[in-house]
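Here are my notes on the model, point by point. Have the structure open as you read.

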Amino acid sequence: MVDTIRFLLGDQPVALSDVDPTTTVLEWLRASAGRTGTKEGCAEGDCGACTVVLTEPDGAGGLACRTVNSCIQFVATLDGTQLLTVEDLKRGDTLHPVQQAMVDAHASQCGFCTPGFVMSLYQLYRTYPDGGPPARETLDRALAGNLCRCTGYRPILEAAERMLASPRVRETDAAEAKAVAALEGLRRKTGLAYRDRFFAPLNLAELAALLQAHPDARLLSGGTDLGLEVTKAHRTIGKIIYLGRVAELRAIVRTNTHLEIGAAATWRETVPALLADWPALDELFARFAGPPVRNAGTIGGNVANASPIGDSPPVLLALDAEIDLFGAAGMRRLQLADFFLDYRKTALAPGEAVARVRIPLPAKGRRLRAYKVSKRHDDDISAVCGVFALTVENGRVSNARVAFGGMAAIPKRAAACEAALEGRPWTLATAEAAAAVLRRDFSPIGDMRASAAYRTKVASNLLLRFWHETEGRAATRAVHYG
Ligand SMILES: Cc1cc2nc3c(=O)[nH]c(=O)nc-3n(C[C@H](O)[C@H](O)[C@H](O)COP(=O)(O)OP(=O)(O)OC[C@H]3O[C@@H](n4cnc5c(N)ncnc54)[C@H](O)[C@@H]3O)c2cc1C
Ligand code: FES
Ligand code: FES
């Protein structure tokens with residue numbers, strides 16, 4: 001195994017052998033590569049000032065490109081990728097159309113956020129299909145991971161519209177083919193083992209051997225939680241097994257009965273698969289962090305992290321998901337409800353990884369809604385996340401699942417509330433009675449996100465909202481004023 005981290009910086013090959021693997025990409029860019037265009041605002045994935053673009057071969061002869069927050073990405077995860085920063089966009093003296101649009105729309109004031117916005121817009125420029133400028137909501141969503149304290153956003157949105165309104169200048173086929181060939185040249189036959197501290201296995205067999213040899217290693221997927229342990233808690237992380245290159249853990253498969261999502265599939269890959277069966281989840285996942293975090297973060301990390309306020313666990317509990325755990329002894333399967341044991345305690349044994357989440361395909365007529373309540377509309381963590389799934393047969397509730405985040409030490413189903421729904425007619429009176437019973441299921445805490453009383457009240461109100469929405473008498477939807 002080769003002891004060097006190899007990647008492209010723009011079109012230049014880089015090989016690192018003397019860097020700490022948990023050095024952030026941002027730190028390396030600014031302190032070692034002399035690329036200071038990329039800025040540090042928050043160092044926790046929130047503000048987008050550090051946004052860079054990563055590209056990788058897409059398997060169809062082209063390049064897949066995605067933004068990430070360089071402040072929380074470890075440099076060792078760059079192995080095998082192309083890293084593009086704001087310095088890569090200009091050609092000679094000519095600004096890239098994205099940069100030109102920002103100038104023309106007067107979209108920069110102090111300029112601190114500008115390189116990050118430019119890189120988010122650059123990804124949109126490269127990936128948005130031709131056919132006219134997108135709707136305002138598409139632009140809002142594309143830029144939800146970037147904050148600006150000066151401009152009020154209007155000129156930045158105008159720049160986005162301008163750059164997409166004119167015919168797009170694409171990378172030439174030759175330039176793209178050159179980058180693909182260079183990246184193919186970096187492709188490994190066996191996983192990276194860097195300084196006996198950072199391991200990036202390529203398949204389950206390599207992963208099994210590493211889990212057995214290093215049961216004390218921390219597992220790393222997108223790093224959007226783990227990265228903050230280094231940048232915010234200033235912890236030193238010893239050995240790391242990076243799951244982002246394990247092919248089997250990246251796969252998303254639809255069988256006749258289940259949607260199976262590999263633990264290392266990013267939210268960018270996972271969300272479209274989920275929405276194909278459950279379109280009602282669109283708003284929740286559009287409000288799950290911002291694009292750079294979703295482009296790196298994974299379902300496996302969100303579940304394994306076992307945060308009581310993670311957004312996917314209540315969804316997965318309401319969908320009766322199972323979880324496959326992988327270790328040197330092979331695979332074992334659990335109901336997700338049995339995975340969360342106590343505050344941030346799970347059923348994972350040492351030397352085990354979450355391998356896959358399995359979700360039964362929806363039964364006909366299943367009604368589903370997911371509601372996220374947070375202080376800020378975009379890029380914020382839930383105070384309460386409520387998910388409701390229900391089947392009504394002959395006017396009566398034949399099966400109900402009600403699950404919450406933010407209401408207990410773990411993401412949890414509301415057993416008493418479910419019992420108060422099942423077998424009853426699906427009427428407002430039933431919903432009100434079940435909403436009252438919810439108080440028996442949970443004794444939430446009060447914290448900086450919400451008081452206990454607010455959480456209790458809002459959880460009941462979300463069930464009533466679900467009734468109103470699914471009975472078709474009200475189509476409520478969060479309205480974003482801004
Ligand atoms: C700015 C910002 C906004 C965010 N917004 C949201 C939000 O709206 N909703 C939300 O739910 N979360 C949010 N998060 C948290 C985070 O993005 C998610 O929890 C994400 O899904 C974590 O996945 P990851 O792959 O990045 O995990 P990592 O950071 O790689 O890992 C997280 C933890 O899980 C362990 N781990 C990772 N993969 C596995 C595995 N396969 N098996 C076993 N253990 C594993 C790691 O050791 C670590 O302890 C946000 C984070 C940031 C920085
Ligand atoms: S510095 Fe704020 S997201 Fe990275
Ligand atoms: S221009 Fe100053 S923060 Fe955006």
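1. Axes are lines fitted to C-alpha atoms, for helices over the stretch in contact, with angles running from 0 to 180 degrees between N-to-C directions. Helices (H or I, at least four residues) and strands (E, at least two) are DSSP runs, numbered from the N terminus.

2. Housekeeping: this is a predicted model, where local features need pLDDT of at least 70 and side-chain atom pairs count only at pLDDT 80 or more, while totals for chains, interfaces and linings use all residues. Residues are numbered from 1 along each chain as its sequence is written, and chains are lettered from A and ligands numbered from 1 in the order in which they are written.

3. Start with helix α2 (residues 97-104) and α3, whose axes come within 9 Å and cross at roughly 125°. The two are therefore oblique to each other. On the α2 side, Pro-97, Val-98, Gln-99 and Met-102 meet Thr-114, Val-118, Leu-121, Tyr-122 and Tyr-125 of α3, contact being C-beta atoms, placed from the backbone, within 7 Å. By class, that contact has 7 nonpolar, 2 polar and no charged residues. Here Ala, Val, Leu, Ile, Met, Phe, Trp, Tyr, Cys and Pro count as nonpolar, Asp, Glu, Lys and Arg as charged, and the others, Gly among them, as polar.

4. Now α3 (residues 114-127) against α5 (residues 154-165): the axes are 11 Å apart, at an angle of about 30°. That makes α3 roughly parallel to α5. This crossing is right-handed. Phe-117, Leu-121, Leu-124 and Tyr-125 from α3 meet Ile-156, Ala-159, Ala-160 and Met-163 from α5, a contact of 8 nonpolar residues with no polar and no charged ones.

5. Two backbone spots to check. Most residues other than glycine have a negative phi. Tyr-153, in the loop between α4 (136-142) and α5, has a phi near 75°. Asp-379, in the loop between β17 (367-373) and β18 (384-393), has a positive phi of about 55°. Buried or exposed? A residue is buried with 20 or more other C-beta atoms within 10 Å of its own, exposed with 12 or fewer, and partly exposed in between, C-beta atoms being placed from the backbone. Asp-379 is buried, with 21, and Tyr-153 is partly exposed, with 17.

6. Finally, α1 (residues 25-32) has Val-25, Leu-26, Glu-27, Trp-28 and Leu-29 buried, and their cover includes β3 (51-57). Just after α1, Gly-34 takes a positive phi of about 70°.

How values were computed. Parallel < 35°, antiparallel > 145°, perpendicular 65-115°, else oblique. Left-handed = near helix turned anticlockwise from the far one by under 90°. Contact = placed C-beta atoms within 7 Å.
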